[in-house]
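Hi,

Here is the structure I promised to send over. Have a look at it first, and my notes follow below.

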Amino acid sequence: MKGTGPLVGLRVLEFVSIGPGPHCAMLLADLGAEVLRIDRPEGNGWANPVVDRGRHVITIDVRTDSGRDLCLEAASKADVVIEGLRPGVMERHGLGPEAMIERNPRLVYARMTGWGQTGPLAQTAGHDINFIALTGALAAIGQNTGSSIPPLNLVGDFGGGSMFLAFGIMAALWERERSGRGQVIDCAIVDGVASMMTMFAGLIPSGAISIDRGRSLLGGAAPFYLCFTCADGAEISVGALEPKFYRELVNLIGAPAELCDGQYETSNWTERSTMLAALFGTKTRSQWCEILEGTDACFAPVLTLMESQQNSHLKGRQTYVEANGILQAAPAPRFSRTPGEIRQSGSGEELLQSWGVTARSASSRANGG
């Protein structure tokens with residue numbers, strides 16, 4: 001399963017988990033890395049034919065001596081290990097970073113958790129909603145009244161999780177080129193989301209921005225950065241933050257020019273949001289698309305995932321491609337000389353053999369991702 005991409009030749013050993021770990025491994029595989037995933041005998045737990053794509057998969061019982069020894073041997077040939085278990089679990093199986101890095105000093109051992117390897121909550125269970133709740137992100141998302149609204153699990157698992165994990169792995173590999181040594185990455189979703197909140201943390205003290213619901217410029221309080229329901233019940237989004245773009249929006253939709261006066265005065269926002277809501281409710285989403293798409297009014301229809309896959313812009317960029325009979329996101333980002341690709345998965349035993357490891361007492365299976 002040789003592929004293309006800037007990471008061709010990179011060897012990654014992934015211990016099966018859910019959420020950010022598999023997504024990070026998918027990103028690496030899409031860009032050419034050889035990823036061997038260790039599955040449990042009892043199964044994956046949350047198999048996903050898209051996120052699990054591009055792997056070689058082998059089933060190993062790491063609780064056995066032979067299973068542990070095989071994993072250690074594989075790690076001795078790898079560049080990166082990815083694991084997403086609670087702190088201490090890998091150590092109890094004899095597969096912690098000390099044991100692996102002792103055998104392979106160049107190994108980058110990447111640990112993905114929600115709370116992190118240390119801290120009072122490190123050993124407790126949690127999910128995306130809990131991690132973003134603790135970092136101040138969740139409190140800022142929602143309407144002026146009512147409870148906070150979880151933004152799927154995009155902000156925590158994938159924004160603060162897999163993206164920071166991939167970034168950390170690349171940074172550690174870059175440093176290894178100078179030092180010749182690997183290291184352990186403690187990637188915690190709470191750390192990543194806290195980093196993602198730095199723009200707000202830097203602007204709030206000066207009064208330049210608020211993330212209080214009802215006053216948040218980017219949180220749905222401003223009439224020029226908001227979603228509206230159309231005559232057919234479908235939604236559109238406008239994000240005309242800058243005055244010149246807001247003027248274009250107001251002009252194109254036939255709204256009173258006075259709406260542009262005092263654009264950032266929060267005392268105007270509720271009334272003007274109501275006015276715009278009434279106006280946008282007079283036409284269907286497709287009618288507004290005809291008027292606003294392709295302009296500088298900062299407009300886009302609010303699409304479902306299935307609608308998104310058929311959107312003319314995304315089809316034009318081939319953002320979605322068909323692989324294994326499933327329409328799915330193409331590898332990202334894009335590279336001019338070494339493009340990534342979605343590859344067929346293969347035999348874990350064959351990959352181990354190419355690494356110089358013999359999978360003696362383990363059963364392997366090709367994954368259909």
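Which helices and strands do the buried residues of H7 pack against? Keep in mind that this is a predicted model. The partners are helices H1 (20-30), H5 (128-134) and H6 (154-179), plus strands S5 (108-113) and S6 (184-188). The H7 residues in question are Ile189, Val190, Gly192 and Val193, from a helix that spans residues 189-196. Looking down the axis of H7, you find these buried residues within an arc of 160°, so they line one face of the helix.

Now the charges. I get 13 salt bridges from a search of the whole structure. A few to click on:

- Asp39 and Arg37 pair up at 2.8 Å, N to O, and both residues are buried. Arg37, Asp39 and Asp52 are linked in a salt-bridge network.
- Glu91 and Arg111 form a salt bridge at 2.9 Å, N to O. That pair ties together distant parts of the chain, with Glu91 in helix H3 (residues 89-92) and Arg111 in strand S5, 20 residues apart. Arg111 is buried at 5% relative accessible area, whereas Glu91, at 37%, is partly exposed.
- Arg215 bridges to Asp212, with 3.7 Å between the closest N and O atoms. Arg215 is partly exposed at 46%, and Asp212 is partly exposed at 46%.

Last, the surface: Met199, Leu203, Leu218 and Tyr225 make a nonpolar patch there, with about 300 Å² of accessible area together. Leu203 sits in helix H8 (residues 198-203) and counts as partly exposed at 32% relative accessibility.

Cheers

Terms used:
Residues are numbered from 1 along each chain as its sequence is written. This is a predicted model: local features need pLDDT of at least 70, side-chain atom pairs count only at pLDDT 80 or more; totals for chains, interfaces and linings use all residues. Side-chain values use heavy atoms; hydrogens and water are left out. Patches are made of residues with over 30% relative accessible area and no salt bridge: like charges are joined within 9 Å, nonpolar side chains (Val, Leu, Ile, Met, Phe, Trp, Tyr) within 5 Å. Accessible areas come from the Shrake-Rupley method with a 1.4 Å probe; for residues, only the protein chains shown count as cover. A salt bridge is a side-chain nitrogen of Lys or Arg within 4 Å of a carboxyl oxygen of Asp or Glu. Helices (H or I, at least four residues) and strands (E, at least two) are DSSP runs, numbered from the N terminus. Buried means under 20% relative accessible area, exposed over 50%, partly exposed in between (1.4 Å probe, protein chains only). The arc is that of the directions from the helix axis to the C-beta atoms. Contact means heavy atoms within 4.5 Å.
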